[in-house]
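Open the model in your viewer and keep the selection tool at hand. Each stop below says what to select and what is there.

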Amino acid sequence: MSVPASLAEIVDDFAALDDSDKITLLLEFAGELPALPAHLTTEAMEPVPECQSPVFLSVDAHDPVAVRLYFSAPREAPTTRGFASILQQGLDGEPAQTILDVPADFYYDLGLGTAVSPLRLRGMAGMLGRIKAQIRHQTGTGPHDPAGPTG
C-alpha cells in the first residue's frame, strides 16, 4: 500500500485495536478535526454527497509540494467527522502525487468494516475521490490521468 507515513501510522493504530476500541479512536479523531481558517466558509467548499451527513471539503493544491486540506463536518456526525479528520491528519501538507498515489480503498486497512456500515465507509471513499479530483484539476493533470477520476 502506497500511503504517506502519517496516514500509515493512523492505519497501523487502527489495525492494532479491536472493534470497540476502533470506534473509540474514530471518535477521538472526530474531536480533533481542526476548525476552518477564517478565510474559508462552508459555502465556498465542495459538498461531498457520498456522505450521509453534510460534509464539505476544500483542497488547495496550488503548491503541489504541500497540498492543504480543509473539512467541515457537523459534530452530530462523529463517524463522518472522524473520517474527515483521518484524511486531514494523514494527508494535509503532503505532495500532490503522494495523495494521488493513495489507494482508493485504503480505508479497508483501518479495519472498520465490521464496526461501521459500508455506506459510511463509502463516504470516506467519496471524500478521498473528491480530494484527488480537485488535485488533478488544480495541478492540470485533469481527466487524462491514467488512474481515473477516483484512482
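**The annotated span**

Select residues 12–134: the end C-alpha atoms lie 27 Å apart, and the span is 43% helix and 10% strand. Helices (H or I, at least four residues) and strands (E, at least two) are DSSP runs, numbered from the N terminus. An unreviewed UniProt entry annotates residues 12–134 as "domain: Fe-S metabolism associated". UniProt positions are given in the numbering used here, feature names are shortened, and such annotations may be inferred rather than shown by experiment.

This is a predicted model, in which local features need pLDDT of at least 70 and side-chain atom pairs count only at pLDDT 80 or more, while totals for chains, interfaces and linings use all residues. Residues are numbered from 1 along each chain as its sequence is written, and side-chain values use heavy atoms, with hydrogens and water left out.

**Helix H1**

Select residues 5–15, helix H1; Leu-7, Ile-10, Val-11 and Phe-14 are its buried residues. Buried means under 20% relative accessible area, exposed over 50%, partly exposed in between (1.4 Å probe, protein chains only). Look down the axis of H1: the buried residues fall within an arc of 100°, so they line one face. The arc is that of the directions from the helix axis to the C-beta atoms. Now turn to the face away from the buried side, where Ala-5, Glu-9 and Asp-12 are exposed. The cover over the buried residues of H1 includes H2 and H3.

**H1 against H2**

Show both axes: H1 and H2 come within 9 Å and cross at roughly 145°. Axes are lines fitted to C-alpha atoms, for helices over the stretch in contact, and angles run from 0 to 180 degrees between N-to-C directions. Select Ile-10, Asp-13 and Phe-14 in H1; they meet Lys-22, Leu-25, Leu-26 and Phe-29 in H2. Contact means heavy atoms within 4.5 Å.

**H2 against H3**

From H2, Leu-26, Leu-27, Phe-29 and Ala-30 meet H3 residues including Pro-78, Phe-83 and Ile-86.

**Leu-33**

Finish at Leu-33, in the loop between H2 and strand S1 (46–47). Leu-33 is buried, with a relative accessible area of 7%. Among the residues Leu-33 touches are Phe-71, Arg-81 and Gln-88, not counting residues up to four places away in sequence. Leu-33 and Ile-86 are 53 residues apart in sequence, yet 8.4 Å apart in space, C-alpha to C-alpha.
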